[in-house]
Amino acid sequence: MGPLPPDFEQAGRAVLGFLHRRFGFRLWMLTRVEGDDWIVLQSEDRGYGVKAGRVFRWADAFCYQMVKGAGPRIAPDTSAVAAYVTAPVGREMPIGAYIGVPLTNADGTLFGTLCGIDPDHQPSDIIKERELIELLASMLSSIVHSELRAAEESRRRERLEVEAMLDPLTRLANRRAWDELMAREEDRCRRYGHPAAIFMLDLDDLKEVNDANGHAAGDELLERAADALREAVRDSDVVARLGGDEFGIIAIECDASGARRLLTGIRDALDRRGVRASAGISLRDPTLGLMRAWEEADRLMYKQKKTRWPLNMAVQDKERTSATEPSHGAQEPDPRPSSGASS
């Protein structure tokens, strides 16, 4: 096989290709576990139709049982393992043999798995290959540790670069910075399976303030809104003024529960400054990416503005796909009123 490339993506491709050549399994995958999601980062597929970006339900997977210790890391005949016989994924696709080992984060927590499946039973002597497969998984874990640390450094450098691309009034990132940082974050999400959320906000009263009190008062309203958003987000998040009275937030490594917490902080910060806004929020779907999440958040924001909802949780709980179905897009938000910054 030769030495592994230092890049996680290249190393993953090399490992999956090597394992396919050595064992001949129809599907090999590198995956990320994120909450209830089991995300395929890379695949070497020869018949199952599973491609990178596919999302399964983590609790349905053989790997879930393996990580719990309910099933072995190598099962030449899955019908002999009760935990695998009852796993929902086995009812969705034929799995006669299974190999799986965990990939870990630097602190020892679960990052994802390296795994392979085949529709046919395999010779029992593949169990002797466990040490090799665990070694490959350990090497991939070490590479991803290094890259995730480097990714954090990259984010810090990017925030410094944004200093040259600020909106002059609010001192937030401008549209050019937003586009560049979104593209870079999408690359990290795709590579490592990070979750992310997009928030779009539009001030409700800017035109009225401008008309009644002049543009200086309107500028002061924009500055108050910017201060509120800057206060509410985390250091790693991206906040931008996209034009006029429209603001955007890229919430980094943020799942649905994190998005709800962030919305609460935004709502409270806007309330304290007397700012009313409409909002739309969308979680990144691994099969569609951040650009689609931005489009969906923008659509939800304008729907909220049109129907005059309170600033509310307009974020979908995306559906995890079964083993054979592609993931679905965003659901409609819950329009029930709640106390908040706008009315």
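This is a predicted model: local features need pLDDT of at least 70, side-chain atom pairs count only at pLDDT 80 or more; totals for chains, interfaces and linings use all residues.

Mentor: We'll go through some sheets, cores and helix packing.

Trainee: Okay, how many bridges join S1 to S2?
Mentor: Eight, between S1 (residues 27–34) and S2, and these strands run antiparallel. Helices (H or I, at least four residues) and strands (E, at least two) are DSSP runs, numbered from the N terminus, and two strands pair if DSSP finds at least two bridges between them.

Trainee: What's in the turn of that hairpin?
Mentor: Two residues lie between S1 and S2, and Gly35 in the turn has a positive phi of about 65 degrees. Also, Trp28 stands opposite Glu44 in S2.

Trainee: Is S2 mostly covered or mostly open?
Mentor: Mostly covered: seven of the nine residues in S2 (residues 37–45) are buried, meaning under 20% relative accessible area with a 1.4 Å probe, protein chains only. S2 also pairs with S3 (residues 55–57), antiparallel, over three bridges, and Trp38 has Phe56 in S3 as its bridge partner.

Trainee: Switching topic, which residues have the most contacts inside the largest nonpolar core?
Mentor: Phe199, Leu201, Leu203, Phe247, Ile249 and Ile266, in a core of 32 residues. Such a core is a set of buried Ala, Val, Leu, Ile, Met, Phe, Trp, Tyr and Cys residues joined through side-chain atoms within 4.5 Å. A second, separate core has 29 residues, including Phe18 and Val101.

Trainee: And what's the strand order in the four-stranded open sheet?
Mentor: S8-S9-S7-S10, with antiparallel pairing. The edge strands, each pairing on one side only, are S8 (238–243) and S10.

Trainee: Last one: how do H6 and H10 pack?
Mentor: H6 (residues 175–192) and H10 (residues 289–307) pack at an angle of about 130 degrees, with axes 8 Å apart. Axes are lines fitted to C-alpha atoms, for helices over the stretch in contact, and angles run from 0 to 180 degrees between N-to-C directions. The two helices are therefore oblique to each other; angles under 35 degrees count as roughly parallel, over 145 as roughly antiparallel, 65 to 115 as roughly perpendicular and the rest as oblique.

Terms used: Residues are numbered from 1 along each chain as its sequence is written. Side-chain values use heavy atoms; hydrogens and water are left out. Buried means under 20% relative accessible area, exposed over 50%, partly exposed in between (1.4 Å probe, protein chains only).
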